[in-house]
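Please look over the protein shown below and read the briefing that follows with the structure open beside you.

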Amino acid sequence: MKRILHEPLIHFLLLGALIFAAHAWRGEEGPENAPKDRIEVTAGTIAWLSEGFAKQWQRDPDKEELRGLVEAHIREEVLYREALAMGLDRNDTIVRRRMAQKMEFLSQDIAAAVEPDEAALREYFTENAARYEKAARLSFRQVYFSKDKRGDKLAADAQAALQALAQGADEETLGDPSLLPYEFENADPNEITASFGNGFVTAMTDLPEGGWRGPVASAYGLHLVMVSGRSEPPAVAFEAVRDAVLRDFTEDRRQAANVEFMGRLKQRYQITVHEPTPDGTAAPPIATAIP
């Protein structure tokens, strides 16, 4: 039974049933189809208004405030019905986007409604293990060359220094002063990124240990680096990252459900795309398809 509930087709059947019910409700009780001279404020509506007030103000409304909430609701309902009668909802970008957004929310809620079982989460973790692996820690020294100070000579100066180091030069006599640490010991990749900017750790991934290498670019200039060690992290256990796995699993399933749901909806339409001409008139269609 659990495997059946996890099937995307079941989700879309449920979603279709909800949409059908919504259409039925709008057809029978929707304000645009209700008598123009009848607005009924039910006890449930009043309770909903009162609950919304309580959430905002952390207290229940008094009689006068509740009367004001009801009056505001009636005013909004009157204006909404009159706007629909005048067709003001048509060709309105904001209305279109809001309605499309509500449809997306509806499909997302359906996709996330069923809690995945432990076996499904473990299978997802196994298939996406690389997502949860921690990167190796690095130990290295660096010599910095400032792009602001050296300008067009930056690359040439760094290359000359690299040759000097290969011939036994003292690294402390080379490079430019900076606030960046000269040596990192067993540093986390995030720590290195915080110091040097994005891309620095990636550029050092394939550098062998021992000997000066580079230059490696950072947000500040160029660096000659000597990797002295790498500390491979232990394998990540499922239990240690279960919350992250559940979050990612749910998000991936939600996105997949949205794609499939949109594809099914598009099948109800014949979509034709016309290429505009320089004079603004419609050209013959360049694509006719059901994506």
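Strand β4 is mostly covered, since eight of its eleven residues are buried, where buried means under 20% relative accessible area, exposed means over 50%, and partly exposed lies in between (1.4 Å probe, protein chains only). Helices (H or I, at least four residues) and strands (E, at least two) are DSSP runs, numbered from the N terminus. The model is a predicted one, in which local features need pLDDT of at least 70 and side-chain atom pairs count only at pLDDT 80 or more, whereas totals for chains, interfaces and linings use all residues. Residues are numbered from 1 along each chain as its sequence is written, and side-chain values use heavy atoms, with hydrogens and water left out.

**Strands around β4**

- Strands β1 and β4 run antiparallel and are joined by ten bridges; two strands are said to pair if DSSP finds at least two bridges between them.
- Within that pairing, Y144 has H223 of β4 as its bridge partner.
- Strands β3 and β4 also run antiparallel, with three bridges between them, and V216 stands opposite H223 in β4.

**The nonpolar core**

- The largest nonpolar core has 15 residues, and those with the most contacts inside it are F140, I192, F196, F200, M204 and V225; such a core is a set of buried Ala, Val, Leu, Ile, Met, Phe, Trp, Tyr and Cys residues joined through side-chain atoms within 4.5 Å.
- Two or more residues of this core come from each of β1, β2, α10, α11 (200-204) and β4 (221-231).

**Helix α9**

- The 13 residues of α9 should span 18 Å at 1.5 Å a residue, and the end C-alpha atoms are 19 Å apart, which agrees; the expected span of a helix is 1.5 Å times one less than its number of residues.
- The buried residues of α9 are L154, A158, A161, L162 and L165.
- Seen down the axis of α9, these buried residues fall within an arc of 105°, so they line one face of the helix; the arc is that of the directions from the helix axis to the C-beta atoms.
- An α-helix has 3.6 residues a turn, so residues three or four places apart point the same way.
- The partners against which the buried residues of α9 pack are β1, α8 (147-150), β3 (213-217) and β4.
- Just after α9, G168 takes a positive phi of about 100°.

**Helix α6**

- In helix α6 (residues 118-127), the buried residues are A120, L121, Y124 and F125.
- These residues cover an arc of only 140° around the axis, which puts them on the same side of α6, whereas A119, T126 and E127 are exposed on the other side.
- The buried residues of α6 pack against α7 and α12.

**Salt bridges**

- Side chains of opposite charge can pair when their charged atoms come close.
- A search of the whole structure finds 15 salt bridges, each being a side-chain nitrogen of Lys or Arg within 4 Å of a carboxyl oxygen of Asp or Glu.
- One of them brings together the side chains of R131 and D248 at 3.6 Å, N to O; R131 lies in helix α7 (residues 129-132) and D248 in helix α12 (residues 242-266), so the pair ties together parts that are 117 residues apart in sequence.
- R131 is partly exposed, with a relative accessible area of 43%, while D248 counts as buried at 17%.
- Another joins R137 to D188, with their closest N and O atoms 4.0 Å apart; R137 is in strand β1 (residues 137-146) and D188 in the loop between β2 (183-187) and α10 (189-196), 51 residues apart.
- Both ends of that pair count as partly exposed, R137 at 34% relative accessibility and D188 at 24%.
- E171 forms a salt bridge with R141, the closest N and O atoms being 3.2 Å apart; E171 lies in the loop between α9 (154-166) and β2 and R141 in strand β1, so the two connect parts 30 residues apart in sequence.
- E171 counts as buried at 15% relative accessibility, and R141 as partly exposed at 22%.
- Salt bridges that share partners also join K149, R150, D157 and D176 into one network.

Technical notes
Contact = heavy atoms within 4.5 Å.
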